[in-house]
Amino acid sequence: MERKIQPKINLPKIQKIPQLSKSVLPNGIDFYQLNIDNAEMVRLDFFFKGGAWVQNQPLQAMLALNCIKDGTLSKSAAQINELLDYHGATFNASANKMYGDIVVVCLAKHFDKVAQIVGDILRNPLYDDYELGLKLQQLWTNFEIEQQQVRPQAEKLFFSSFFGKRHPMTIFPEASDFNSINKDVVRNYFDSYIGAENSQIFLTGKISDKVVKTIENCFGRDKWGGKKIITDVDETLSDRKWFPVIAKQGVVNIQMEQKMIQSHIFAGFSLPKFSGKDKLLMALANCLIGGFFGSRLMKNIREEKGLTYGIQSNILATRLFNLFYISTDTRNDAAELVMKEINKEIAILNDVKISDDELNIVKNYYAGKLCRAYEASFNFVNIIMRKNILHESVDEVMLTQDMLADVNAEDLRDFIARYFAPERILYAVAGSFQNTRFLT
C-alpha cells in the first residue's frame, strides 16, 4: 500500500428508496403507508390540495387550518387539548402556498383513541369566535413585530419586486386584512377545501392491521369535510397566472421607520424548470455558491471578510420555474460591499475553472444530503408530498446519484455560465441602507 496516496473515496449512495404501499379507502381517498419496523410511533398526515393559492384573501387558509382544532360541536378547545396531551399526541396544521397539511404523531398503542379525536375535529370544527379572536391577536402581534424586523421586510420586498403584488408568490397579509377576516370567511375555506374529496392520507411508523382498520373506520367511510375537488392547483389559477414574472435587476430597498443597526439582503433570479442532468447541475451550483457551510459565499463574506454571521443560497422549486435566491444579514455600512462580493463570486465562477478538490467536496455533501433525505424515516413523507406538488417522482433520485459520479468541473462551470450572471440579480435590502451608485 502506498501510504502517501489518498485512497479513492466513493460517494455516499442510496441503496434502496423507501417504498410506500398505496390503496384507496372506500370513500375514494388515496391512502399511502410506510412501515418502519423499529418504530413505536405513528405519524398520520392529511394532505389537502390548494393551500393559500385558492384562498379568497390573505390569512384565510392559514386560519382555517390553524384553528381547526379549537373546538368542535361536542368538545371545547381545552377538552381537545387535554385529550391529546393525555394520550401523548401532537397535532399540527399549516397552510403552504399550494397545499395544506395536518400532522398527528402519537404512540401506536394510543392511535385508536387519538384517531377518534382527530375524526371529530375534521368533521365538526366549530371555529369558535373567542378562539379565532385569540389566534388573530397572536398573528397581529407577530405582524407588528415583523414590521420592525429587517428580514421579513426584505423578503416581502424581494418577492413583491420580483413577481408583482398580484402574483400568487406574494400573498402577504397587510394590516387591513386583519379587519376583513372573520369566522364566516374561515369557515368558507373549510367547507370548500378541507375534506375527503380533496385529500390524501399518509401513514408512517409502526403500522399494524389494527391501525389500518382504524384509519378506514375514522376517515375512510364517508365524504367528510369540504366538497370542492381540486384536480390540479394550476387550473385554479386561471385569473392569477404564474407568468409573466416582472423581475427587475439592480437594487430596491426599504428604509425602516426606526434606525436599524443592520440590514437584510435578499438577492436572486429565476431559472428554467430543469430535468435530468441540468437539474442536478442546478443543485450543485447552489451548493457551491451558498448551499452549505463550506460554500464560496460563506468562505469569502463570512470567514475572510467577517461581514456576516451567515449567508446562504437556496432553490425555490415550482412546477413551471425555479428561483435561486441568497439571504444574509450585515451592517448597514457593509451592505453595498456584500452585494459587490456576491456579484464577484458569481462572476468568478463564470470565468475560472472549479478545482476538482472543491467539486468533490460539493458532490460528497450533496450525495450525503440525498442519503439523509431518502432514508426510511418519519420525514420521508414530506418529500413525497413535495414531489406530488411538483409532479415529480422520488424514483428519479437513483438516476440523479448515478449522474452525480460522472459530473466534472467543466460541466458545472458551463452550466453556471449559461444561467448565472451578476447582471441578472435583483437585490432587495431592508434596514437603514442607503442605495447609492451600486447597480443603479
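Reader: Which residue takes a positive phi in the hairpin of β1 and β2?

Author: In this predicted model, strand β1 (residues 21-24) and strand β2 (residues 30-35) pair in the antiparallel sense. Their hairpin has 5 residues between the strands. The residue there with a positive phi, near 100°, is G28.

Reader: What is the bridge partner of S23 in β2?

Author: The antiparallel pairing of β1 with β2 extends over 4 bridges. Within β2, the partner of S23 is F31.

Reader: How many charged residues does the contact of α9 with α14 have?

Author: From α9, the contact is made by G276, K277, K279, L280 and L284. From α14, E396, T400, M403 and L404 take part. By class, the contact has 4 nonpolar and 2 polar residues, and the number of charged residues is 3.

Reader: What is the handedness of the crossing of α11 and α15?

Author: The axes of helix α11 (residues 335-351) and helix α15 (residues 409-419) come within 8 Å and cross at roughly 125°. The two helices are therefore oblique to each other. Their crossing is left-handed.

Reader: Which residues of α15 meet α11?

Author: On the α11 side, the residues are L349, N350 and D351. The contact divides into 3 nonpolar, 1 polar and 2 charged residues. In α15, the residues are R413, I416 and A417.

How values were computed:
Residues are numbered from 1 along each chain as its sequence is written. This is a predicted model: local features need pLDDT of at least 70, side-chain atom pairs count only at pLDDT 80 or more; totals for chains, interfaces and linings use all residues. Side-chain values use heavy atoms; hydrogens and water are left out. Contact means heavy atoms within 4.5 Å. Ala, Val, Leu, Ile, Met, Phe, Trp, Tyr, Cys and Pro count as nonpolar, Asp, Glu, Lys and Arg as charged, and the others, Gly among them, as polar. Two strands pair if DSSP finds at least two bridges between them. Axes are lines fitted to C-alpha atoms, for helices over the stretch in contact, and angles run from 0 to 180 degrees between N-to-C directions. Angles under 35 degrees count as roughly parallel, over 145 as roughly antiparallel, 65 to 115 as roughly perpendicular and the rest as oblique. A crossing is left-handed if the near helix is turned anticlockwise from the far one by less than a right angle, and right-handed if clockwise.
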